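The following dialogue takes a reader through several features of a protein model. Each turn treats one feature and how it may be read.

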Amino acid sequence: MASGDNEPSASSGSCPMRSASRASTAEATSGSSSGCPMRRPAPETLNPRNMMPEMPQTPAADQHIELSKSREMSSIPKTGESENWVYPSPQQFYHALLRKNKEAEAEAMDAVVYAHNVTNERSWKAVLEWEKLHNKTCPDPSLIRFVGRQTDLSWGGWWSKSLSYRGVPFDRHDWFVDRCGQRTVRYVIDYYDDPAAGDAEDLSITIEARPALDSPGDLLDRCRRPFWQVRRVWAAVFGGGGNLQ
């Protein structure tokens, strides 16, 4: 059953990524435990903005190739800071996959990070299409934080599972956007593997971003974009969702 678009409880964050079998082919192994008494590992310090610890830039155990440590600046403004959000390096992304016990192939990290960054840029563009409805009162919205909710089906994801060839989303994020100090708006973003997406980057990913129905104003915003609603249904049935914004 779908969880709806309800406010999330504490949850681990993640980047929009396909399932492990799609992301890579080599499974990461963890170190074997010793027979000696060991202290319990210290709890991780999570960044409340993305619910992730800071990933190291050092090579992982059993990593046989050197990965880039360079990080790309996004186009997404970070609330309360002068600089935008910064994407993880391939080395940091590799550590993040290992931390989540996902299959990770070091040789593929450059391509994986490229797809991750492009997907997030598209997500922000989709959010800005909604925020244009409030451009007069807030010309410069910014992203406060985000949380990954991969296992929580939104209502849109539930309907896609039941009625669309795409099935369930491979990931879901909730993004919290600052509307120039007026209010915080939560956006539900579903990511679908979609062979009929027709996206310009040829990633075969459809992104559905919309304001969560947390207030009457959010419902009004949904009603103010009827063409988006029609395109959303069309894409779920016939494809072409790669250009949905």
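Q: Which residues in α2 meet which residues in α3?

A: The model is a predicted one. In it, P90, F93, Y94 and L97 of α2 meet M109, D110, V112, V113 and H116 of α3.

Q: What is the angle at which helix α2 and α3 pack, and how far apart are their axes?

A: Two packed helices are described by the angle between their axes and by the distance between those axes. Here α2 (residues 90–99) and α3 pack at about 90°, and their axes are 9 Å apart. That angle makes α2 roughly perpendicular to α3.

Q: What span should helix α3 have, and how far apart are its end C-alpha atoms?

A: Helix α3 covers residues 109–131, and at 1.5 Å a residue its 23 residues should span 33 Å. The end C-alpha atoms of α3 are 33 Å apart, which agrees with that expectation.

Q: How many of the residues of α3 are buried?

A: Helix α3 is mostly covered, with 17 of its 23 residues buried.

Q: In what order do the strands of the open sheet lie?

A: Strands of a sheet pair through backbone hydrogen bonds, in either a parallel or an antiparallel sense. In this model, 4 strands form an open sheet in the order β3-β4-β5-β6, with antiparallel pairing. Strands β3 and β6 (205–211) stand at the edges with a single partner strand each, so one side of each has no neighbour in the sheet. On average, neighbouring strands of this sheet are turned by 25° against each other, direction ignored. Helix α4 (residues 155–163) packs on the sheet, where it touches β5 and β6, and its direction makes about 20° with that of β5.

Q: How many bridges join β5 to β6, and over how many do β4 and β5 pair?

A: Strands β5 and β6 are joined by 7 bridges, and Y192 stands opposite T206 in β6. Strands β4 and β5 pair over 8 bridges, with R186 in β5 as the bridge partner of F176.

Q: Which residue in the turn of the hairpin formed by β1 and β2 has a positive phi?

A: The residue is G80, with a phi of about 85°, and 6 residues lie between the two strands. Strands β1 (residues 73–77) and β2 (residues 84–86) run antiparallel and are joined by 2 bridges. M73 stands opposite V86 in β2.

Q: Which residues does the disulfide join?

A: A disulfide is a covalent bond between the sulfur atoms of two cysteines. Here C138 is joined to C180, with an S to S distance of 2.0 Å. The pair links distant parts of the chain, 42 residues apart: C138 lies in the loop between α3 and β3, and C180 in the loop between β4 and β5. The torsion about the S-S bond is about 80°, so this disulfide is right-handed.

Notes. Residues are numbered from 1 along each chain as its sequence is written. This is a predicted model: local features need pLDDT of at least 70, side-chain atom pairs count only at pLDDT 80 or more; totals for chains, interfaces and linings use all residues. Side-chain values use heavy atoms; hydrogens and water are left out. The expected span of a helix is 1.5 Å times one less than its number of residues. Buried means under 20% relative accessible area, exposed over 50%, partly exposed in between (1.4 Å probe, protein chains only). Two strands pair if DSSP finds at least two bridges between them. A disulfide is a pair of cysteine sulfur atoms within 2.5 Å. Axes are lines fitted to C-alpha atoms, for helices over the stretch in contact, and angles run from 0 to 180 degrees between N-to-C directions. Angles under 35 degrees count as roughly parallel, over 145 as roughly antiparallel, 65 to 115 as roughly perpendicular and the rest as oblique. Contact means heavy atoms within 4.5 Å.
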